[in-house]
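Here are my notes on helix packing and the nonpolar core, as numbered points. Please read them beside the model.

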Amino acid sequence: MKMTIKTLFSIGFMALALNVSAGNGFKNQTITSMEEAVEASTLEAISVEEEHGILFMREEEKLARDVYLTLYDIWGLNIFQNIAKSEQTHTDAIKGLIEKYQLADPVIDDTIGVFTDYHFVEVYEALVAKGSESLEGALQVGTEIEELDIKDIAESIAQVEGNDDIINVYSELMKGSRNHLRSFWDVLTSKGFTYVPSHISQEEFDAIINSPMETTNLK
């Protein structure tokens, strides 16, 4: 899959995004969870690019969850079930931003494999097809999803202009994705399989898998 999921994300969500404006962030507040962070921060002005990023990440995290749940049903490997649970917390964190900024949630139907933007349906089907062929393919799919998430989250962060709550949620998602990548790599290599990154550089990939697990407010 040469194109990133974000490249496939169409401008169809333009009509879903609602403009919201207001005051200041929460730079000096003490928080204990992502939910509290989002709730404690004052509503900021939000750009069209930030709206699109939030809506995109909501469905991308659901995509990861859906693929992992499907692959768990096929292979019964615990890593898929465990990381699917984490992806649920990730998409829920994005939902918190959607509710705060009064955006139209693209996850109208939470059924596995159902998405508002049909490009996600196509990507889901392609990933499941590859992951269904062999256990090696399934673990490679998991590794690729996390690699894609890292790339797309970085792009979404670059679009944010001063909204600390959005940055904080994305930063937690990034930590989680790096941890998931490390987990998939460990299982994949323990079984003698290989993987070559295609969405981030080999240098960045190696730096992640050779560094320790990170502490995050999201699992």
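1. Helix H6 (135-158) and helix H7 (164-190) pack with their axes 9 Å apart, at an angle of about 160°. The two are therefore roughly antiparallel (over 145 degrees). Axes are lines fitted to C-alpha atoms over the stretch in contact, and angles run from 0 to 180 degrees between N-to-C directions. Helices are DSSP runs of H or I with at least four residues, numbered from the N terminus.

2. This is a predicted model, where local features need pLDDT of at least 70, side-chain atom pairs count only at pLDDT 80 or more, and totals for chains, interfaces and linings use all residues. Residues are numbered from 1 along each chain as its sequence is written, and side-chain values use heavy atoms, without hydrogens and water.

3. The contact (heavy atoms within 4.5 Å) of H6 with H7 includes Gly 142, Glu 146 and Ile 150 of H6, and Tyr 170, Met 174 and Phe 184 of H7. Its residues divide into 13 nonpolar, seven polar and four charged; Asp, Glu, Lys and Arg count as charged, Ala, Val, Leu, Ile, Met, Phe, Trp, Tyr, Cys and Pro as nonpolar, and the others as polar.

4. The largest nonpolar core has 48 residues, of which Ile 54, Val 67, Tyr 68, Ile 94 and Tyr 170 touch the most other members. Such a core joins buried (under 20% relative accessible area, 1.4 Å probe) Ala, Val, Leu, Ile, Met, Phe, Trp, Tyr and Cys residues through side-chain atoms within 4.5 Å. H3 gives the most to this core, nine residues.

5. Leaving aside neighbours within four places in sequence, Tyr 68 contacts residues including Phe 80, Gly 142, Glu 146 and Phe 184.

Notes. Buried < 20%, exposed > 50% of the residue type's maximum accessible area, 1.4 Å probe, protein only. Parallel < 35°, antiparallel > 145°, perpendicular 65-115°, else oblique.
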